[in-house]
Amino acid sequence: MLAYRHAFHAGNPADMLKHTVLVAALQLLLAKPKALSYIDTHAGAGSYRLDHGMSQRLGEYHDGIGRAWLQDQVRLALQDAPAHGLPQALVDYLRLVLQDNPDGTLRVLPGSPALAARLLRPGDAMRLFEMHPTDWRSLKASLGRRRQTTLGHADGFAGLRSLLPPPSRRALVLIDPSYELRGDYRQLLESLRDALQRFATGVYLVWYPQLQTLESRDLPRRLRGLAPGGWLDAQLTTAPPRADGFGLLGSGMFVINPPFGLQPLLEPAGRWLAQVLGRDGAGRFQLQARPS
Ligand SMILES: C[S@@+](CC[C@H](N)C(=O)[O-])C[C@H]1O[C@@H](n2cnc3c(N)ncnc32)[C@H](O)[C@@H]1O
């Protein structure tokens, strides 16, 4: 039984890092005319209301996109003012968010599949998986009618295996588990190992949490060990460690086969996020990479 609902966490600092990296990587890949497949193994509900319901209960978005949205640089960038100084990757991401909030008041947050749907071209395929029945129904209602799109109310780890290699031989795969189930870390690594054997040249984006547990701390090292060629590991820390050892300190995005040009886009964006979203002096952005 899945207890995790992304709506409680939508728009938090981890979502900001994930969605900024996703949008930047997709835009770079879409600069080439050949068709691209977008595969989202843990797609969530599609979009989230920030102004009522679950998002309001924990209010995590206040520490993430809510805080970013209030910055003068963001306001100016979204008004197309010259010399706003906001890093380009954030401009590109936040302009997509603005499309869902045209009067400038933040009410709706597009999730990963909604952001991808805005960027993909009509001939690009979307393959989405979501296991939670309620979130799956929302996803189907918002994206089920898009052409070239299939939605699986199914396990995304298993679903990924059936899709690789994609007919277009070009794909971006987002793997964004909730890490709520005991087997998620193991399944992630097994599924990625299998995916790379089937399709070594795909671009894989893996979101992971920074927690004070051994499994979590060891994950980046294990991901690096799996990547056959180039990788990029972007870590955004925004909260100091708690004495009880619980709580999310930040998160990382691990990218296998990063598209050319991703690193210079992410460096200033990550530094900006660390500075604006870091609490109690904990803001830190670290980017490490191995070229292919
Ligand atoms: C972190 S949320 C996804 C958020 C979404 N990618 C976004 O950025 O907007 C993880 C989602 O995975 C779903 N989920 C958990 N295990 C799954 C599995 N094995 N296959 C597919 N979906 C799963 C959860 O119900 C949850 O909605």
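The structure is a predicted model. The secondary structure of the protein comes to 11 helices and 10 strands. Its radius of gyration is 18 Å, close to the 19 Å that the globule rule gives for 292 residues, so the protein is as compact as a globular protein of that length.

**Overall shape**

- Along the principal axes, the C-alpha atoms of the protein fill a box of roughly 45 × 45 × 40 Å.
- Of the 292 residues, 44% count as buried.
- Among contacts between residues at least 6 apart in sequence, 76% join residues at least 24 apart.

- At 1.5 Å a residue, α1 should span 24 Å, and its end C-alpha atoms are 25 Å apart, which agrees.
- Val255, leaving aside its neighbours within four places in sequence, is in contact with Val21, Ala25, Val203, Leu205, Trp231, Leu232 and Leu262.

**Helix α11**

- Helix α11 covers residues 262-277, and from its first C-alpha to its last it reaches 22 Å, close to the 22 Å expected for its 16 residues at 1.5 Å a residue.
- The buried residues of α11 are Leu262, Leu265, Leu266, Ala269, Gly270, Trp272, Leu273, Ala274 and Leu277.
- An α-helix has 3.6 residues a turn, so residues three or four places apart point the same way.
- The partners against which the buried residues of α11 pack include the helices α1, α3 (65-69) and α5, and also the strands β8 (231-237), β9 (250-256) and β10 (284-290).

**Met126 in strand β4**

- Met126 is found in strand β4, residues 125-129.
- With 21 other C-beta atoms within 10 Å, Met126 is buried, because 20 or more are needed for that label.
- Leaving aside neighbours within four places in sequence, Met126 is in contact with Tyr38, Pro113, Ala116, Ala117, Leu120, Arg146, Gln148 and Thr149.
- Met126 and Val21 are 105 residues apart along the chain, and their C-alpha atoms are separated by 18 Å.

**Around the ligand**

- There are 20 residues around the ligand, of which His42, Gly44, Gly111, Ser112 and His132 come nearest.
- The residues of this shell divide into 7 nonpolar, 8 polar and 5 charged.

- Most residues other than glycine have a negative phi, and most peptide bonds are trans.
- A cis peptide bond, with omega about -5°, joins Leu164 and Pro165.
- Pro165 lies in the loop between α8 (156-163) and β6 (171-175).
- Asp80 is not a glycine, yet it has a positive phi of about 60°; this residue lies in the loop between α4 (72-78) and α5 (88-100).
- Asp80 has 9 C-beta neighbours inside 10 Å and therefore counts as exposed.
- Tyr179 is also not a glycine and has a positive phi, of about 55°; its place is the loop between β6 and α9 (184-198).
- Tyr179 has 18 C-beta neighbours inside 10 Å and therefore counts as partly exposed.

How values were computed. Residues numbered from 1 in each chain as written. Predicted model: local features only at pLDDT ≥ 70, side-chain atom pairs only at ≥ 80, totals over all residues. Contact = placed C-beta atoms within 7 Å. Helix = DSSP H or I, 4+ residues; strand = E, 2+ residues; numbered from the N terminus. Expected span 1.5 Å × (residues − 1). Rg over C-alpha atoms; globule rule 2.2 N^0.38 Å. Buried ≥ 20, exposed ≤ 12 C-beta atoms within 10 Å, placed from the backbone. Near = placed C-beta within 6 Å. Nonpolar A, V, L, I, M, F, W, Y, C, P; charged D, E, K, R; others polar.
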